[in-house]
Amino acid sequence: MLTPQGIAFATPDDLGDVTSYRRFCRAAGINPVPDGYGLLLVTDEWGNKKTLVTGDVEYVRAIVGATPEVLSGLELPEDKFLVRDGWPDSWT
């Protein structure tokens, strides 16, 4: 069971420019795509931090205003996300 804790975006606009976006993609081990990525920061049942990465930025933008109660009950379609260990601030 994954519990959403936060939302972030990795797009050229959200990161300030294409160079920052490409740097993020290198650190995340993902290929740059034109529209960027939406990120769900989650914890698993043992408290481990994980990041769910999707190229469907609009899907993530649609849940931006969700309350913690809504996020905690959110059904996450596994086929929509790449799972990375940790949160972006811990990736090197």
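What pLDDT does the chain average, and what share of the residues score at least 70? The chain averages 87, and 91% of the residues score at least 70. Here pLDDT is the predictor's confidence in each residue, from 0 to 100.

**Before you click**

This is a predicted model, in which local features need pLDDT of at least 70, side-chain atom pairs count only at pLDDT 80 or more, and totals for chains, interfaces and linings use all residues. Residues are numbered from 1 along each chain as its sequence is written, and side-chain values use heavy atoms, leaving out hydrogens and water.

**Stop 1: confidence**

Color by pLDDT. Select helix α1, residues 12-15: confidence is highest there, at 95. Now select α4, where confidence is lowest, at a mean of 70. Helices (H or I, at least four residues) and strands (E, at least two) are DSSP runs, numbered from the N terminus.

**Stop 2: the sheet**

Select the four strands. They form an open, antiparallel sheet in the order β1-β2-β3-β4. Two strands pair if DSSP finds at least two bridges between them. β1 (3-10) and β4 each have a single partner strand, so one side of each is left without a neighbour in the sheet. On average, neighbouring strands are turned by 25° against each other, direction ignored. Axes are lines fitted to C-alpha atoms, for helices over the stretch in contact; angles run from 0 to 180 degrees between N-to-C directions.

Zoom in on β3 (residues 49-54) and β4. Four bridges join them in the antiparallel sense. Find L52: V83 in β4 stands opposite.

**Stop 3: K50**

Select K50 in strand β3. Is K50 buried or exposed? K50 is buried, because its relative accessible area is 19% (buried means under 20%, exposed over 50%, partly exposed in between; 1.4 Å probe, protein chains only). Its contacts (heavy atoms within 4.5 Å) include L40, V42, V83 and W87, not counting residues up to four places away in sequence.

**Stop 4: the rings**

A search of the whole structure finds one aromatic pair. Rings of Phe, Tyr and Trp (its six-membered ring) pair if their centres lie within 6.5 Å; planes under 30 degrees apart count as stacked, over 60 as edge-to-face and the rest as tilted.

K80 lies over the face of Y59, 5.0 Å from the ring centre. A charge sits over a ring if NZ of Lys or CZ of Arg is within 6 Å of the ring centre and within 35 degrees of the ring normal.
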